Amino acid sequence: MKAHILATVAASALLGACATTPGGEIETMANANTAVANIPQGTGYFASDSTLPFHAPDFSKISEDDYIPAFEQGMAIHKAEIDAIINNPEAPTFSNTIVALEKSGRMLGRVATVFFALTGSNTTDRLDEINTEISPKLTAHSDSITLNPELFARVKAVYDNRAAMAMTREDAKLLEDTYEGMVHAGALLTDAQRARVKEINSELSEITTEFGQEARAAMADQPVIFDTREELAGLSESDIKSAADFATEKGHPGKYAIALQNTTQQPLLPNMTNRAAREKLFMASYHRADGTTDIDTRPLVAKIAALRAEKASLFGEPDWATYAMWDRMAEKPATALGFMERMVPALAATQRREAAMLDEAIKADGGNFEVKPWDWYRYANKVKAARYDLDEDAMTEYFQLDKVLEDGVFYAANKLYGLSFERRTDLPVYHPDVWTYTVFDRDGSELGIFYFDPFQRPSKRGGAWMSNFVDQSKLWNTKPVIYNVLNIPKAPAGEVQLVSFDNVNTMFHEFGHALHGFFANQTYPSLSGTAVARDFVEYPSQVNEVWATYPEVLSNYAKHYRTGEPIPSEMITKIEAAAKFNQGYDFGETVEAALLDMKWAALSKEQAEAINTPAKVTEFERKSLEELGLEIDLVPPRYRSTYFNHIFSGPAGYSAGYYSYLWTEMLDRDSRKWFMENGGLTRANGDHYRETVLSTGGTMDYFEMFRNFAGRDPDVTPMLEARGLVPGDEAADSEVSDGALPADTAG
Ligand SMILES: [Zn+2]
């Protein structure tokens with residue numbers, strides 16, 4: 001289960017390249033210098049910083065009616081501040097242009113931070129309405145700054161003079177990011193080019209929205225219809241009843257309808273005993289929106305690829321991937337492609353080995369056929385159940401929410417970084433289920449505030465995430481105020497609150513993001529803490545998951561809620577062994593999707609324009625997948641192009657970025673290896689990681705950062721080992737012995 005820090009992304013994306021995120025000290029532009037006489041003063045709660053400790057938001061003083069006026073005033077003030085920068089009679093300098101820009105938009109940042117935190121975790125109809133009303137205005141506001149030619153002229157003047165300026169590393173990075181962000185938006189283009197980019201942006205916005213709607217229609221409006229109950233044999237009574245009700249609703253009374261789910265694989269397949277019905281359901285999913293029915297997204301795919309390639313060419317880039325990856329750690333498509341291609345041999349071998357194992361399991365089960373994708377999970381699950389005998393409910397009894405947090409997550413942070421935590425009850429919260437803590441640093445000083453919002457509720461969107469109410473920043477003299485939001489089902493009143501092992505991992509994961517925010521040590525808020533590249537931000541959070549099952553941490557928090565007995569170590573051993581099972585499929589389908597994304601994004605304008613019929617879209621996808629050398633007919637990609645929402649739906653999304661999930665996992669697994677080779681859970685290791693990675697924000701090259709930490713470049717081998725995908729014959733043998741069928745299944 002991957003979690004995201006979406007709130008940060010949303011707020012900063014809305015505010016654009018010159019975003020400042022909100023924070024503390026009362027120091028507005030109005031008293032910063034004399035050239036600001038025309039800047040309006042805000043009114044209401046968001047006009048100034050909160051007076052609570054650490055400038056934590058005072059939810060007791062905020063009402064829903066405050067948002068619209070605060071957004072509008074915030075934008076007006078921001079605009080006036082930008083005008084003041086542009087109209088400054090002095091020659092452009094780092095201070096009067098770049099830093100002034102970084103300081104601008106403070107009221108807007110304040111309101112956006114609180115508002116988007118609440119629309120994510122505790123929304124109301126009114127907040128949703130405000131969101132719909134304000135979002136296009138924020139986008140237009142952001143564009144008006146990013147694409148302002150007079151502002152860019154000043155930024156460029158400072159940038160062009162950079163060699164002659166004395167700057168800190170962080171100053172230099174802020175200058176570079178500000179300049180490149182504006183260039184990336186189109187500041188260096190001719191008027192005609194910029195006009196074409198705007199056209200492309202608006203066309204892309206329409207077509208990708210249409211893609212999303214069509215892909216959704218292919219799931220929601222075109223369920224798979226089965227004529228007889230026998231075809232659904234193996235499903236639960238309630239699944240069958242739902243299918244019957246859904247068929248009636250769809251105008252097929254007396255039949256059964258199953259709606260497709262997002263991915264190529266379908267969750268009901270493992271339970272279906274009728275093989276022909278499995279094939280029918282799977283093939284409907286696989287051929288979704290590819291013209292097999294009246295829904296065909298292939299023309300949209302072709303258009304999106306061509307428009308993106310054209311846009312890249314206007315910027316002088318060879319392809320969309322090169323354009324889109326400008327601020328990523330991997331930076332160049334070849335780096336991301338090469339990294340994934342290195343996994344292919346081991347992965348292909350594992351796919352073949354798993355298929356052979358499943359062929360055996362099918363035989364043992366009395367079947368006389370070779371495994372196909374629609375059989376895969378049915379037999380893989382059987383082998384897995386026989387081999388690992390996992391009882392997740394029994395495990396949950398060892399994971400009590402408050403103990404996991406305080407004796408697990410906080411305990412690990414104490415051992416590694418010397419942090420300590422004190423629960424507080426004096427801060428206003430936006431929901432009674434939110435807990436707050438003061439975080440104390442290794443020297444006993446106050447480091448920041450941590451909000452923990454664990455429970456599912458209808459007003460919260462799905463998933464888990466971290467963000468800041470206040471960013472660490474020396475510019476504003478602010479310390480971090482950070483929240484983690486999860487979706488743990490709440491126990492009935494009076495019962496002990498237990499959590500699943502998945503949620504235990506998510507708690508460690510989200511707190512990994514929080515540590516990245518707490519240890520921020522930056523001057524500028526836009527480079528602070530988790531303000532890092534998309535293919536880097538999930539790395540520290542994944543690393544922190546390692547402590548969830550580290551023996552010393554585990555034995556401190558995982559105790560049976562009734563008996564207090566520590567968790568039996570074989571439970572954890574089984575979970576860890578099971579995590580290596582079926583990776584040829586689980587991991588393979590993700591790698592294939594990531595490679596497919598990159599193939600689409602790596603087309604030149606001419607290549608993309610040549611894919612101009614639906615048939616050519618199918619052909620390109622097939623050829624791209626075949627080139628990989630993976631077993632694509634046994635293990636199809638997690639998403640085919642025609643329903644790959646991450647890359648073709650909505651604004652750029654994860655286009656040329658789906659690999660990020662794998663990339664950060666590589667960094668994570670390699671870092672875990674470093675920790676274990678250096679003694680595991682020690683203060684020395686924690687301090688070193690804090691110094692080299694967690695405290696550096698977005699201020700330096702990410703490879704350099706990794707080398708400072710590990711003493712070498714990141715290596716893909718530990719990830720492959722963790723996935724049970726070690727290259728070479730020797731490894732294949734050891735996997736076979738680990739993967740040997742238990743006697744009762746092998747027959
Ligand atoms: Zn995350």
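**Exercise 1. Find the handedness of the crossing of H2 and H4, and list the residues in contact.**

Solution. Start with the sense of the crossing: H2 and H4 cross in a left-handed way. The term left-handed applies if the near helix is turned anticlockwise from the far one by less than a right angle, and right-handed if clockwise. Helices (H or I, at least four residues) and strands (E, at least two) are DSSP runs, numbered from the N terminus.

Next, take the geometry. The axes of helix H2 (residues 67-86) and helix H4 (residues 106-121) come within 7 Å, and they cross at roughly 145°. Here axes are lines fitted to C-alpha atoms, for helices over the stretch in contact, and angles run from 0 to 180 degrees between N-to-C directions.

Now list who touches whom, with contact meaning heavy atoms within 4.5 Å. H2 contributes Tyr-67, Ala-70, Phe-71, Gln-73, Gly-74, Met-75, Ile-77, His-78 and Glu-81. H4 contributes Arg-106, Met-107, Leu-108, Val-111, Ala-112, Val-114, Phe-115, Phe-116 and Leu-118.

Before you go on, a word on the model: it is predicted, local features need pLDDT of at least 70, side-chain atom pairs count only at pLDDT 80 or more, and totals for chains, interfaces and linings use all residues. Residues are numbered from 1 along each chain as its sequence is written, and side-chain values use heavy atoms, with hydrogens and water left out.

**Exercise 2. Describe the overall build of the protein, using its helices and strands and its radius of gyration.**

Solution. Begin with the elements: there are 31 helices and seven strands in the protein. Then compare sizes: the radius of gyration is 27 Å, close to the 27 Å that the globule rule gives for 747 residues, so the protein is as compact as a globular protein of that length. That radius is taken over C-alpha atoms, and the rule is 2.2 Å times the number of residues to the power 0.38.

Along the principal axes, the C-alpha trace spans about 85 × 65 × 55 Å. Of the 747 residues, 57% count as buried; buried means under 20% relative accessible area, exposed over 50%, and partly exposed in between (1.4 Å probe, protein chains only). Finally, consider contacts between residues at least 6 apart in sequence: 76% of them join residues at least 24 apart.

**Exercise 3. Asn-477 and Asn-582: is each one buried or exposed?**

Solution. With 56% relative accessibility, Asn-477 counts as exposed.

Turn to Asn-582, in the loop between helix H21 (569-578) and helix H22 (583-601). Phi of Asn-582 is near 65°, again positive in a residue other than glycine. Asn-582 is buried, at a relative accessible area of 6%.
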